[in-house]
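The exercises below are meant to be worked with the sequence and the three-dimensional view side by side. Please try each task before reading its solution.

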Amino acid sequence: MNLSSGPASVSKKPSFMDLAVSCHQLKKSYGDVIAVDGLSLDVRRGECFGLLGPNGAGKTTTIEILEGLLAPDAGDVEVLGLRWQTDERQLRQRLGIQLQETQFTDKLTVEETLRLFRSFYDRGRSIDDLLALVELESKRSSWVVKLSGGQKQRLSIAVALVGDPDLLFLDEPSTGLDPQSRRQLWGVLQRFRAGGGTILLTTHYMDEAEVLCDRVAVVDHGKIIALDTPKALIAELGVPRTVVHEGTLEDVFMSLTGRHLRDE
Amino acid sequence: MTSDSSEAVAKRLPRGGAHPALVELTLARLREFVREPEALFWSFLFPIIMSVAMALAFPSRGTQPVRVGVPAGAASDALRAALGADTGIVVRDVMPGEELRLLREGDVNVIVTPGVPPTYRFDPGREESRTARLMVDNALKRASGRSDPWTAREDAVAIAGSRYVDWLIPGILCLGIMSNGMWSIGFMTVQARMRKLLKRLVASPMRKREFLLAQVLARMLFLGPEVAVPLVFGVLAFGMPINGSVLNIAIVALIGALSFGFLGLLLGSRVRTIEAISGLMNLTSVPMWVLSGVFFSSSNFPAAVQPAIRALPLTALVDAMRAVVLEGASLGAIRAELLILISWGVASFAIALRIFKWR
């Protein structure tokens, strides 16, 4: 089940309780299109795990299955040792979820939006804490519609963190953000990790995966085609390193598929 | 450092300072609503504009003179004199060729052509034309020397509450309850679905039924002014009597609003475009505008369809509201109507909860 085979996985096979997410042989198709094709992965507690791949690789479908928003056609999912079929309410209390393209209500303020979501959780962070964490204190009383793209995205992360989750799911968290907003967002995520949180994110940015992720699974056509630490993946590539060109995950993807990550 | 103080705060405020979910959801919906000026306009001003327009278009019947046309020219002089003697008749000249148009538009109710005997040209299918024909006939025969065996004494009474406007305002009020309930909730739901907000909400531990309830509850808070404004307007502007208790009016309005709110939720439960929800809303509400007796009595429709008309939620609401406002009916007297409304509400909510699409 553990697909990792690089140097990083030489460490002991993770025991059941060490896993934040474990899925086995996931399959999902929409009509004739196979979105996820027998995908298995384990995410350890406390790590940041990245699903890297081009658009249409099946990343979003996979993460939405893990989030309990989509039912797989086949396969097993366990999140924090619980199952969606039997423990949904308990699970929802412990997860933080950020989806692609959520638009919060235009004419509610940042604070009102956070309060609304805070009210769904039995425990969690205070609104002040959250605003400080995502650096939106000055926007507390602004309507959502007035926020910039980066601020909206950080609000979305704050909403995901409102219940003080053990596990954070992020679907392309920095898509469409300018470099400064991305760096700010990464800072927020690194602070969450420092508090012991686990992150599973999807991205098609190699640099994001390299900065944030302990391990990366490269996904293409609904399958994992490589899984290891970013460093090991680049090392395995065996490209002769020159002073001019350090290997990147882009090169890894190229060598595995013969295509660029962001072809589409 | 800060975590100590925030933990203390979190203990004092178990939800980190937020209200219970149902309250927060309702507040969010209310805020969204009051921050949308158009929504306020339609809720409060629309019923007033509608009442004024209708009251102007249909003043109390019976007091209006009937409009009689005669061919232009000297040949009609005798007719003009005979008809003009009756204060209930207004005479106007009709040019050749425009007779049918004037009759159709209701500019004249009957056209009289001189002769022995004269000719009455009118549409017997129109009530006001039949009345006009009787009055013309009476006036002309009397002018020709008919002697009546006696003239009845008339005991004219003006019953407050029996005028058209008195009857109309509670109907328009109910129309507002229906439209606001269905449109505001249906639109909001579809919009939140299009914005993927619904999907985000169900990814949280929010209870779905609390979300659906909150949408309807938020509506309830606006119901007070929404019902009061047209009623107060009716009392002040038209001297409309309110014979029922305010409590009973409030109860009928509340049950009606709940029922239509849930119906709106049901209509919006699967749709994912504004065009589709608009179509669905019109398909549902336009027949009720016509059938449910808001502007004219639904007893005009054939007996065979009456049971179906009775079963419509707007018919039940309009009948119940009129009974309470105009006749001071007790809740017991309108229990059948209330039961119909409650059934619609409960069934809509139950079905919506089942078939609602969150993604």
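The model is predicted, and local features are given at pLDDT of at least 70, side-chain atom pairs count only at pLDDT 80 or more, and totals for chains, interfaces and linings use all residues. Residues are numbered from 1 along each chain as its sequence is written, while chains are lettered from A and ligands numbered from 1 in the order in which they are written.

**Exercise 1. Describe the overall form of chain B**.

Begin with the secondary structure, which comes to 14 helices and 4 strands in chain B, where helices (H or I, at least four residues) and strands (E, at least two) are DSSP runs numbered from the N terminus. Next take the extent: the C-alpha trace of chain B spans about 105 × 40 × 40 Å along its principal axes. Then turn to the radius of gyration, which is 28 Å for chain B, whereas a compact globule of 359 residues would have one near 21 Å; this radius is taken over C-alpha atoms, and the globule rule is 2.2 Å times the number of residues to the power 0.38. Finally, 39% of the 359 residues of chain B count as buried, that is, 20 or more other C-beta atoms, placed from the backbone, lie within 10 Å of the residue's own.

**Exercise 2. Which strands of chain A does β3(A) join, and in what sense do they run**?

Strand β3(A) (residues 48-52) is joined to β7(A) (residues 198-203) by 5 bridges, and the two run parallel; here Leu52(A) stands opposite Thr203(A). A further 4 bridges join β3(A) to β8(A) (residues 215-220), again in parallel, with Phe49(A) opposite Arg215(A). As to its faces, Cys48(A), Gly50(A) and Leu52(A) on one side and Phe49(A) and Leu51(A) on the other are all buried.

**Exercise 3. Give the strand order of the antiparallel open sheet in chain A, and find the helix that lies across its strands**.

Three strands form this sheet in the order β2-β1-β4, two strands counting as paired if DSSP finds at least two bridges between them. The edge strands are β2(A) (33-44) and β4(A) (74-79), each of which pairs on one side only. Within the sheet, β1(A) (residues 19-30) and β2(A) pair over 9 bridges, and the bridge partner of Leu19(A) in β2(A) is Arg44(A). Helix α1(A) (residues 59-66) lies across β1, β2 and β4 of chain A and runs at about 125° to β1(A), with axes fitted to C-alpha atoms, for helices over the stretch in contact, and angles taken from 0 to 180 degrees between N-to-C directions.

Notes. A residue is buried if 20 or more other C-beta atoms lie within 10 Å of its own, exposed if 12 or fewer, and partly exposed in between; C-beta atoms are placed from the backbone. Two residues are in contact if their C-beta atoms, placed from the backbone, lie within 7 Å.
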